[in-house]
Amino acid sequence: MYRNLTITLCLPCRNEGNHLNKVYKKVPKIVDEIIVISNKSTDNTIEVAKKLGVTVIEESKTLGGIGYGYAHIAGIKKATSDIIVGADGDGTYPIENLPKIIDELIDNNKDFLSCNRYPMKDGTKIPAKLKLGVWMLNTEVRLLNGIKIKDILSGMWVFRSSIRNDLKLTAGDWNLSPQIKINAATAPNIKFDEFSIAQHQRWGDSHQKYFQTGLSHANWIFKNSRFYPKVK
C-alpha cells in the first residue's frame with residue numbers, strides 16, 4: 001500500500017517470456033498486485049508469469065489478429081486495487097518511476113494520468129517516422145475532438161479504479177490506446193492530465209506494423225469524433 005492506496009499493475013503480453021522476469025524486477029515495492037494478461041502467446045509467457053507468482057489471465061480474443069485492447073480490458077476488469085496502472089510487458093515504459101507518477105496523481109487531485117513521451121527526454125530514442133505519426137494523430141484528435149494532447153499513443157497510464165466504468169472501453173486492438181485517453185479526457189467527471197516520462201528501448205520484437213497501425217488509428221479517431229455521423 002502506498003499513501004493509503006493499493007496499486008495494481010496490468011501488463012498485456014504476447015510472447016514476452018524471454019524478458020518478463022526483467023520487467024518484474026523493475027516493479028517497485030509499492031505495487032500490491034501484478035496482472036499479466038497473455039494474448040495468444042505461443043512461448044513460455046504464461047509459465048514464466050506463474051513462476052513469478054503474479055496473477056495470470058489468458059485472453060484469447062483478437063480483432064484483426066490483435067488483442068492488445070482486449071488484454072487491457074481484461075486486466076482492468078480483474079484489478080482489485082484503488083489505482084490501476086497500464087504498461088507494456090516489453091520493458092518500454094518506466095514502471096520503476098511509479099511512486100513519482102502516483103504522487104502527481106494524488107497531489108494534483110487527478111483521476112487519470114497519461115504518461116506522455118513528447119517532448120522527448122534524454123535517453124528516449126524514437127524513430128522519426130513514429131514521431132511524425134504521433135504528431136499527425138495528436139493533430140487529428142485536437143481538430144476533431146477539441147483535445148490538446150501531447151501523446152495520443154502512449155502505452156502507459158495511471159488512473160483511479162473508481163472511474164474504470166466511466167472509461168467505457170471497447171476497442172480490442174491497438175485502438176484501445178487512443179480510446180482510453182480520448183474517453184478519459186472528454187468524460188465530464190474525470191480529471192485528466194499528462195505526465196512526462198522517458199521511454200526505454202524495448203526488449204524483444206515489436207508486434208506492430210507501424211504504417212498499417214497508424215492508418216487504423218487515424219480511421220478510428222475520425223469515426224469516433226464529434227463530426228462523424230452517429231447511427232441512431
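## Salt bridges and a buried histidine

Searching the whole structure turns up six salt bridges. Keep in mind that this is a predicted model.

**Exercise 1.** Work out which parts of the chain the salt bridge between Lys 26 and Glu 96 links.

*Solution.* Start with the contact itself: the two side chains meet at 3.6 Å, N to O.

**Exercise 2.** Lys 61 and Glu 59 form a salt bridge. Decide whether Glu 59 is buried or exposed.

*Solution.* The closest N and O atoms of this pair are 3.2 Å apart. Glu 59 has a relative accessible area of 12%. Buried means under 20%, so Glu 59 is buried. Lys 61, at 43%, counts as partly exposed.

**Exercise 3.** Find out what the Arg 160 and Asp 111 salt bridge ties together.

*Solution.* First, the side chains meet at 3.7 Å, N to O. Arg 160 belongs to strand 6 (residues 157-160) and Asp 111 to the loop between helix 4 and strand 5 (112-116), so the bridge ties together parts 49 residues apart in sequence. Both Arg 160 and Asp 111 are buried.

**Exercise 4.** Describe the surroundings of His 72.

*Solution.* His 72 is in helix 3 (residues 68-78) and is buried, with a relative accessible area of 1%. Leaving out residues up to four places away in sequence, its contacts include Cys 10, Pro 12 and Trp 157.

Definitions and conventions:
Residues numbered from 1 in each chain as written. Predicted model: local features only at pLDDT ≥ 70, side-chain atom pairs only at ≥ 80, totals over all residues. Heavy atoms only, no water. Helix = DSSP H or I, 4+ residues; strand = E, 2+ residues; numbered from the N terminus. Buried < 20%, exposed > 50% of the residue type's maximum accessible area, 1.4 Å probe, protein only. Contact = heavy atoms within 4.5 Å. Salt bridge = Lys/Arg side-chain N within 4 Å of Asp/Glu carboxyl O.
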